[in-house]
Amino acid sequence: KEIESELKDYLAQVYTFFQDPTLPTCLGEFFLCRYDLHNLRVYIKERFFEREEPEALLPFSRVEPEVMEQAVRHSNWSLLPAWMASIAEKIVGLVEKEPDPQLVDFAMDRYFLEHRQEIVRGVRSQIVQDFCRMTIDLANIKVVLRCERMGKPASFCEKALAEGGTLDREKLLNAMGKGVEELIRSVGERNYVELLVENIDLTEKRVRLTHFDRAADDFVLDYLKGARLVAAGPDTVIGYVYAKENEIVILRIIMMGNLHALTPEEIDNLLRGVYTE
């Protein structure tokens, strides 16, 4: 608890950066909307699956917890910002037809990625646009891998695949259950194929999910390092804040690893890359 409290305080200091009046407001929205949607997820699960998890709420959401709770409990979407109300209504509609807490998680991740891309749609930055498409592509690959591992049908996976990436959603869906070779063919894009191939367990002939997660994070981080070459603009801001968030992930892994007496080698296997490398 002390570790998490200190890391949250550090992150709060990072996010004060968005109070700079010279920054476009969309940049703060780009990073902070995840906290709005995380808390929305908590309240939707509480309503439909009786999971009271107040400790799961995260700070930095722009909607007061009491307001969000009332909005979800009574489907009073007028209490929420329009963009969030739209997402809440969609997910509640899905869960009413298919009461599955995992569907809440997968669908919320999808709408987060789509909303984040919409936030920066008008931003004139190739790095920012590529970053959004890249994170959607990698997330969609992970969705297919996880749905296969969990035995979910294609109809479930379809609800979880985000739009706006470069990969064909239909091809990804059609690859489900047909082995890693078919998934590689459906992906096609060289960089993503290399990530998949590098993380295949040859014994089980399937992708090692935890290894792929780490490799995908490092891939995105490496791409964002190009933002350091830009003198000024949204590229620089997004690269800077993303690097700070990545630092917090690294610190959490190291401190929690020490707390649980993991060896340096075990901790090193969990670590992501560093932005300043």
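In this predicted model, residues Q102, F106, L113, R116 and Q117 of helix α5 meet F131, C132, R133, T135, I136, A139, V143, R146, C147 and M150 of helix α6. Helix α5 covers residues 101–119 and helix α6 covers residues 126–150. Their axes are 10 Å apart, and the angle between them is about 170°. An angle over 145 degrees counts as roughly antiparallel, so α5 is roughly antiparallel to α6. The crossing of α5 past α6 is left-handed.

The next pair involves helix α2, residues 25–49, and helix α3, residues 65–73. Here the axes come within 9 Å and cross at roughly 45°. That angle makes α2 oblique to α3. The crossing of these two helices, α2 and α3, is right-handed. On the α2 side, the residues in contact are D36, N39, L40, Y43, I44, E46 and R47. On the α3 side, they are P65, M68, E69, V72 and R73.

Helix α2 also packs with helix α12, which runs over residues 234–259. The axes of α2 and α12 come within 9 Å and cross at roughly 30°. Angles under 35 degrees count as roughly parallel, and therefore α2 and α12 are described as roughly parallel to each other. In this contact, L27, F30, F31, R34 and Y35 from α2 meet P234, V237, I238, V241, Y242 and E245 from α12.

How many aromatic pairs does the structure hold? There are 13 aromatic pairs. F30 and F31 form one that is edge-to-face, with 5.2 Å from centre to centre and 75° between the planes. The label follows because planes over 60 degrees apart count as edge-to-face. Are F30 and F31 buried or exposed? A residue is buried if its relative accessible area is under 20%. F30 has a relative accessibility of 1%, so F30 counts as buried. F31, with a relative accessible area of 1%, is buried too.

F30 and F31 also belong to one aromatic cluster, together with Y15, F17, F18, Y35, F60, F131, Y240 and Y242. Some of these names have come up before. F131 is among the α6 residues that meet α5, while Y35 of α2 and Y242 of α12 take part in the contact between those two helices. A ring can also have a charge over it, and F156 is an example: the charged end of K152 sits over the ring of F156, 4.8 Å from the ring centre.

Backbone angles are the next topic. Most residues other than glycine have a negative phi. S75 is not a glycine, yet S75 has a positive phi of about 50°. S75 is placed in the loop between α3 and α4 (82–97). With a relative accessible area of 30%, S75 is partly exposed. A261, which is also a residue other than glycine, has a positive phi near 60°. The loop between α12 and α13 (264–270) is the place of A261. A261 has a relative accessible area of 65%, which means that A261 is exposed.

The last stop is H211, which lies in helix α11, residues 209–224. H211 is partly exposed, and its relative accessible area is 33%. How far apart are the C-alpha atoms of H211 and C26? They are separated by 32 Å, and the two residues are 185 residues apart along the chain.

How values were computed:
Residues are numbered from 1 along each chain as its sequence is written. This is a predicted model: local features need pLDDT of at least 70, side-chain atom pairs count only at pLDDT 80 or more; totals for chains, interfaces and linings use all residues. Side-chain values use heavy atoms; hydrogens and water are left out. Rings of Phe, Tyr and Trp (its six-membered ring) pair if their centres lie within 6.5 Å; planes under 30 degrees apart count as stacked, over 60 as edge-to-face and the rest as tilted. Buried means under 20% relative accessible area, exposed over 50%, partly exposed in between (1.4 Å probe, protein chains only). A charge sits over a ring if NZ of Lys or CZ of Arg is within 6 Å of the ring centre and within 35 degrees of the ring normal. Axes are lines fitted to C-alpha atoms, for helices over the stretch in contact, and angles run from 0 to 180 degrees between N-to-C directions. Helices (H or I, at least four residues) and strands (E, at least two) are DSSP runs, numbered from the N terminus. Angles under 35 degrees count as roughly parallel, over 145 as roughly antiparallel, 65 to 115 as roughly perpendicular and the rest as oblique. A crossing is left-handed if the near helix is turned anticlockwise from the far one by less than a right angle, and right-handed if clockwise. Contact means heavy atoms within 4.5 Å.
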